[in-house]
Amino acid sequence: MVDKEKLKNLPKSPGCYIMKNKDGEIIYVGKAKNLFNRVKSYFIGSHDGKTAIMISQIEDFEYIITNSETEAFILEMNLIKKHLPHYNIDLTDDKRYPYICVSQEEHPRIFYTRELNKKAKYFGPYPNATAARDVVDILNKVYPLRKCYKLPKKECLYYHLGQCLGPCINKVTKDDYEKILGEINGFLKGNSKERIKNLEKKMKEASESLNFEKAKEYRNMIWNLETVVEKQKMELAINDTDIFGYVVSDNHISIQIFHIRDYRMVERNGFLLEIADSALETFIDFINQFYLLAGNPIPKEILIPKADISALDEQLRSIIAIPLRGKKKELVELVNLNAQEKLNILLQKEKNKYSRTEGAIVELGKLLKINSLSIIEAFDNSNIQGTSSVSAMVSYKNGIPDKNQYRKYRVKTIKDADDVHTMEEVIGRRYSRLKNENKKLPDLVIVDGGKPQVNAAKNALLSIELSIPILGLVKDDNHRTRGLFYNDKEILIDKKSGLFLFLEALQDEVHRYAITFHKTVHSKNTFASEIENIKGIGKVRKRAILKILGSEDFVNKLNELPLTDEQKQEIIKKYHN
């Protein structure tokens, strides 16, 4: 509980406040014109939704006095970047727009990305991610740019297919790339008619020569190119501009953004936020964080409704326009209209999300009589008749998957298909390590199964002198979640409730993770035995091949290994089977 004396002694100065939970973890950072009024407002009156949950978790707070609101804003940004508090506006995990990147290296590459952290030329954002990927693939086939992330010591398959100039073995100059890059740049800027016309000519020639496979390939190229450059429904007289609009409903604000590039609307995004101080302050904070924290590209111009922009970052203030008349004002009103239109949809979406995440956690805590369920870890096992036995663990923080904490385990001591003793081994390994490393333990452990699996987990914890609540997810005859097993009792819950849907999703996630890992291990074991039969593949080369197996750029990495073309082709054939 927050110290009331500490609240009384808050200064009436501008500054930042830092909210902490029982573990001393920073869960929220805010700024205020008057620290006394702002911080005190959290602990008086009623709150709902995420704000209520956040307040229930606050055990302590700190504050830092600043000379001005501007200083408070800069400090708030830096603290959020450093600590990534759970209850601040979370834009870092939102969808980042896909771009096509042409690198500015000595030997350039063209690739698909959502990151804008390299020195390169970026085209986008694109409204259709799949089509953008397809176009990168097509351009890589049409234009012989480098494909390898790192230049190999000898030519690769792409060189022999005519899809690479082979800078690894040939002297390729800047002039050699100039025409290629000029065509790519022209196409990606929308000058696609000439390129499509050429492809149509080649398709016709291939068809007349009865080379139908080649004709089909050209046809697919044309379709994908037309998809990615497809003219948007909304064509405008402005370029490289983001337009913001918002509406307010009770304690929520609905924000819409239209992104205009090359005189067309290429992307639209909507957000629903709980209002922290005032709707206007929440809106301005959102704009700051959208660009400065989430790293979204800053356009040449930003249009917004009438607002006090003094709290905006200086760089953003310089490109903000608040249109009072004309076409631009109509566009802002149009975005406001879209914000209103999307409000109820977003409210329902937020309600559904809450009931299946943090709301479900609150419900589960009440059901099991556990005060805080910030971190939950769940386990599942997978094997085929005792072979390639593995186990997997997923971690949820505040009801949301925390994929950085997921773990995979190869079963070491159990030889047969023994689910119970496998669970005991893996639980013991996981938490003896956390104990030895003095790391934070979860608030709840969930195992896939009923009484036998729960008891196995309890025995594992008992043997290392730890006590963590254990919950079992009991399945029916169709292998679907039937109920819970906790404190030696089976508990049935409403299958339409947010809690049931949360637990079912968690069970599906840990099962998916375990199965995926099992398939990888089993395939690797099978693949390992198969490549032993390839002439010239000994223990050293086999180890090198298995080391890169499963990586996204397996073929590129394979090309860097000292193997013959015949060996590579045989390995790739077995890899794809």
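# Notebook: strands, cores and cysteines

I began with strand β8, where F258 is the bridge partner of I243; helices (H or I, at least four residues) and strands (E, at least two) are DSSP runs numbered from the N terminus. The model is a predicted one, in which local features need pLDDT of at least 70 and side-chain atom pairs count only at pLDDT 80 or more, while totals for chains, interfaces and linings use all residues. Residues are numbered from 1 along each chain as its sequence is written, and side-chain values use heavy atoms, with hydrogens and water left out.

**Entry 1, β8 and its neighbours.** I looked up the pairing of β7 (residues 241-249) with β8 and found nine bridges in an antiparallel arrangement, where two strands count as paired if DSSP finds at least two bridges between them. In the hairpin of these two strands, which has two residues between them, D250 takes a positive phi near 55 degrees. On the other pairing, β8 and β9 (residues 264-274) are joined by 10 bridges, again in the antiparallel sense, and Q256 stands opposite G270 of β9. The hairpin of β8 and β9 also has two residues between the strands, and there D262 takes a positive phi near 50 degrees.

I then checked burial, taking buried as under 20% relative accessible area, exposed as over 50% and partly exposed as in between, with a 1.4 Å probe and protein chains only. In β8 (residues 252-261), 10 of the 10 residues are buried, so the strand is largely enclosed by the rest of the structure. H252, S254, Q256, F258 and I260 point one way, and I253, I255, I257, H259 and R261 point the other way. In a regular strand the side chains alternate between the two faces of the sheet.

**Entry 2, the open sheet.** I noted an open sheet of three strands in the order β2-β1-β3, with antiparallel pairing, whose edge strands β2 (26-32) and β3 (60-65) each pair on one side only. Strand β1 (residues 15-20) pairs with β2 over six bridges, and within that pair I18 has V29 as its bridge partner. Helix α4 (residues 69-83) packs on this sheet, touching β1, β2 and β3 (contact means heavy atoms within 4.5 Å), and its direction makes about 170 degrees with that of β2. For this angle, axes are lines fitted to C-alpha atoms, for helices over the stretch in contact, and angles run from 0 to 180 degrees between N-to-C directions.

A nonpolar core here is a set of buried Ala, Val, Leu, Ile, Met, Phe, Trp, Tyr and Cys residues joined through side-chain atoms within 4.5 Å. In the largest one, of 28 residues, L364, L444, I446, L471 and L503 touch the most other members. Its largest share, eight residues, comes from α16. Not counting residues up to four places away in sequence, L503 touches L364, I446, L473, L484 and I493. Apart from this core lies another of 23 residues, including F244, F283, I287 and Y291.

I also looked at D508, which lies in helix α16 and is partly exposed, with a relative accessible area of 39%.

I found zero disulfides in the structure, a disulfide being a pair of cysteine sulfur atoms within 2.5 Å. For C101, the nearest cysteine sulfur is that of C148, 17 Å away, and C101 is buried at a relative accessible area of 0%. For C164, the nearest cysteine sulfur is that of C156, 5.5 Å away, and C164 counts as buried at 10% relative accessibility.
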